[in-house]
Amino acid sequence: MMLNLPNFLTIFRIVCVPIIALIIITAKGQSPLIFAFFLFILASLTDYLDGLTARTLNQSTEFGKVLDPIADKLMTVILLCVLYGTKVGDDFKLMIGLPIVVIIFREIFISGLREHVSKRSEVLQVSWIAKIKTGLQLTAIGTLIFFLAYPEFSSFEYIGLVLIWSAAVLTLISGLDYFIKAKPFFRD
């Protein structure tokens with residue numbers, strides 16, 4: 001493993017995930033949640049910066065190519081599960097639970113497809129829809145963490161729920177796209 005700046009940023013994002021999750025789970029009062037929100041923003045920025053620095057500095061590595069999508073999935077899946085256990089969507093848990101199930105199902109399913117297709121094809125490379133999906137998921141998660149940190153801005157709960165549903169729809173579309181691309185590899 002080569003520890004260059006892009007790989008460091010990816011590792012930083014991975015390390016931040018359990019910290020953010022534990023802060024949200026154990027928070028007593030507003031201050032820890034505000035810290036979790038800003039740490040989430042910082043970690044989310046590394047998702048953009050690791051790829052940018054890898055391309056700009058010509059520091060792409062196989063380690064980074066493997067670790068970056070893992071970091072994205074850890075951030076999405078763990079934080080969505082943690083958010084489900086909070087007061088977000090308390091009035092109607094299905095409003096947050098259903099899109100979370102869709103998103104987690106797709107993330108695990110596509111990881112399995114990638115494992116099956118493996119290095120035999122470039123067919124399951126990250127698509128532009130998947131990049132938008134990840135951005136929308138992170139925006140939704142950030143909005144919901146913001147609502148937890150600043151509950152006086154109650155409209156952010158509803159904005160976050162709309163965003164998470166939008167992300168779930170885009171997640172289904174990108175998952176279907178990957179499935180169609182991988183279908184020829186099931187003839188083995």
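**A walk along the helices**

Helices H3 and H4 pack at an angle of about 155°, and their axes lie 10 Å apart. That angle makes H3 roughly antiparallel to H4, a label used for angles over 145 degrees, while those under 35 count as roughly parallel, 65 to 115 as roughly perpendicular and the rest as oblique. The axes here are lines fitted to C-alpha atoms, for helices over the stretch in contact, and the angles run from 0 to 180 degrees between N-to-C directions. Helices themselves are DSSP runs (H or I, at least four residues), as strands are (E, at least two), numbered from the N terminus.

Before going further, please note that this is a predicted model, in which local features need pLDDT of at least 70 and side-chain atom pairs count only at pLDDT 80 or more, while totals for chains, interfaces and linings use all residues. Residues are numbered from 1 along each chain as its sequence is written, and side-chain values use heavy atoms, with hydrogens and water left out.

Back to the first pair. H3 passes H4 in a left-handed crossing, meaning that the near helix is turned anticlockwise from the far one by less than a right angle (clockwise would be right-handed). Which residues in H3 and H4 meet? From H3 come Lys73, Thr76, Val77, Leu80, Cys81, Leu83 and Tyr84, and from H4 come Ile96, Gly97, Ile100, Ile103, Ile104, Arg106, Glu107, Ser111 and Arg114. Contact here means heavy atoms within 4.5 Å. By class, this H3 and H4 contact has 9 nonpolar, 3 polar and 4 charged residues. Ala, Val, Leu, Ile, Met, Phe, Trp, Tyr, Cys and Pro count as nonpolar, Asp, Glu, Lys and Arg as charged, and the others, Gly among them, as polar.

Now follow H4 itself, residues 94-117. Its 24 residues should span 34 Å at 1.5 Å a residue, and the end C-alpha atoms are 34 Å apart, which agrees. The expected span is 1.5 Å times one less than the number of residues. Several H4 residues are buried, including Ile96, Pro99, Val102, Ile110, Leu113 and Val117. Buried means under 20% relative accessible area, exposed means over 50%, and partly exposed lies in between (1.4 Å probe, protein chains only). The buried residues of H4 pack against H3, H5 (128-149) and H6 (155-182).

That brings us to H5. H4 and H5 pack at an angle of about 140°, with axes 13 Å apart, and their crossing is left-handed. Here Ile96, Ile103, Arg106 and Glu107 in H4 meet Ala130, Lys133, Gln137 and Leu144 in H5. By class, this contact has 4 nonpolar, 1 polar and 3 charged residues.

Is H5 enclosed or open? H5 is largely enclosed by the rest of the structure, because 17 of its 22 residues are buried. Those 22 residues should span 32 Å at 1.5 Å a residue, in agreement with end C-alpha atoms 31 Å apart.

H5 also packs with H6, at an angle of about 160° and with axes 8 Å apart. That makes H5 roughly antiparallel to H6. The crossing of H5 and H6 is left-handed. By class, their contact has 17 nonpolar, 7 polar and 2 charged residues. Within H6 you can find Ile159, partly exposed at 38% relative accessibility. The C-alpha atoms of Ile159 and Phe147 are 12 residues apart along the chain and separated by 9.4 Å.

A few single residues are worth a visit. Asp72 lies in H3 and is buried, with a relative accessible area of 15%. Leaving aside neighbours within four places in sequence, Asp72 is in contact with Arg13, Asp47 and Thr134. Ile14 lies in H1 (residues 5-26) and is partly exposed, at 23%. With sequence neighbours within four places again left aside, Ile14 is in contact with Leu67, Ala71 and Leu74.

Finally, look at the loop between H2 (30-56) and H3 (62-84), where Asn58 lies. Asn58 is exposed, at 68% relative accessibility. Most residues other than glycine have a negative phi. The phi of Asn58, however, is near 55°, a positive value.
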